Amino acid sequence: MPITTFFKLVEIQTKLASFFPFLLGTLFAAYYFNAFNLINTLIFFVAMLIFDMTTTAINNLMDYQKAKDNGYKDEVNVIGQEKISEKLVIRLIIGMLIVAMLLGFLLVFRTNIILLVIGAGCFFIGIFYTFGPIPISRMPLGEPISGLVMGFGIFFIAAFVNVKDTNLLSLLFSKQSFILEGNLVSILSLFFVSLPTVFLIANIMLANNTCDLEQDIINHRYTLPFYIGKKQAVQLFNVLVYLSYVVIVLAVLLGLLHPVLLLLLGTIIPMRKNLAVYNDKQVKSETFIIAIKNIVLFSSSEVVLLAVSLLFK
């Protein structure tokens, strides 16, 4: 399979959604916990990227098979467009899944067994997000679950593999007993600072489902916009963007982030222009890209300012 075809299958251009929480979690660990482990960070990055590509490949395979079942043309999906063998796609999915799991086990060995529990949960949700008779993506839970698993889950693990487990969360065994230890303040701090990424990743799913609402109803996909209405879905999209700025301000006031992060408020001007375009119409081919532009604008600025805050630290 040509590499360009593989990149289309795994939609390599969409991996920004996992790249940003990874960077932010790593930088926050360096700033807040004064901790950085290069080897663990690199292992997690590769494992995360491979698993993200795996879930996308599963999604494309499921969409292709359902498209055939519903009598749609093969061209509706990259597998049909590129004439890729389904057996080859399945082998690729299994291969990538095995590699991601092996890297995950290596990280567990290098950190704490609690990561096995966290990673297993992420694997389960990632696979069944698009796989199975009733995938999570076809339910009203798609937006919050995708936001939490990617926005907070990746952020948390990126920090966890850098910080000594005793300072964050650990599971210890002694004969027939086990002890689960954790620092509640540290965990809550990680969760709070990750919220902008949670909101903006959830917005990608929300924008996708809002733009596809009419088609989804025809195909019996009842996502969040179906239950709350298209107008309310657009309003929620806007609220989540502005809440992201509120979180940054509060995080600075609480001492979780350096005051230099307040410069992020300068992105509100271009952000408002993006929202005006999206609010005007919700068309997949024209305005879905706004959700991507929003996370790139906000999170890339946050990454830069977090990196700058390390200089002050």
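Which residue forms a salt bridge with Asp 212? I looked this up first, keeping in mind that the model is predicted. The partner is Lys 284, and the closest N and O atoms of the two are 2.9 Å apart. This pair links distant parts of the chain, 72 residues apart. Asp 212 sits in the loop between α8 (184-211) and α9 (213-218), while Lys 284 belongs to helix α13 (residues 284-287).

Asp 212 is buried, at 12% relative accessible area. Lys 284 is partly exposed, at 35%.

Then I went for the salt-bridge count, and I got three.

One of them joins Asp 52 and Lys 15, with the closest N and O atoms 3.4 Å apart. Asp 52 is in helix α3 (residues 38-69) and Lys 15 is in the loop between α1 (3-10) and α2 (16-32), so this pair ties together parts 37 residues apart in sequence. Buried or exposed, I wondered, for Lys 15? Lys 15 is buried, because its relative accessible area of 6% is under 20%. Asp 52 is buried too, with 12%.

I also noted the bridge between Lys 281 and Glu 286, where the closest N and O atoms are 2.4 Å apart. Lys 281 is partly exposed at 35%, and Glu 286 is partly exposed at 44%.

I found Leu 250 in helix α11 (residues 230-253), partly exposed with a relative accessible area of 37%. I compared its position with Leu 38, 212 residues away along the chain, and their C-alpha atoms are separated by 30 Å.

Terms used. Residues numbered from 1 in each chain as written. Predicted model: local features only at pLDDT ≥ 70, side-chain atom pairs only at ≥ 80, totals over all residues. Heavy atoms only, no water. Helix = DSSP H or I, 4+ residues; strand = E, 2+ residues; numbered from the N terminus. Buried < 20%, exposed > 50% of the residue type's maximum accessible area, 1.4 Å probe, protein only. Salt bridge = Lys/Arg side-chain N within 4 Å of Asp/Glu carboxyl O.
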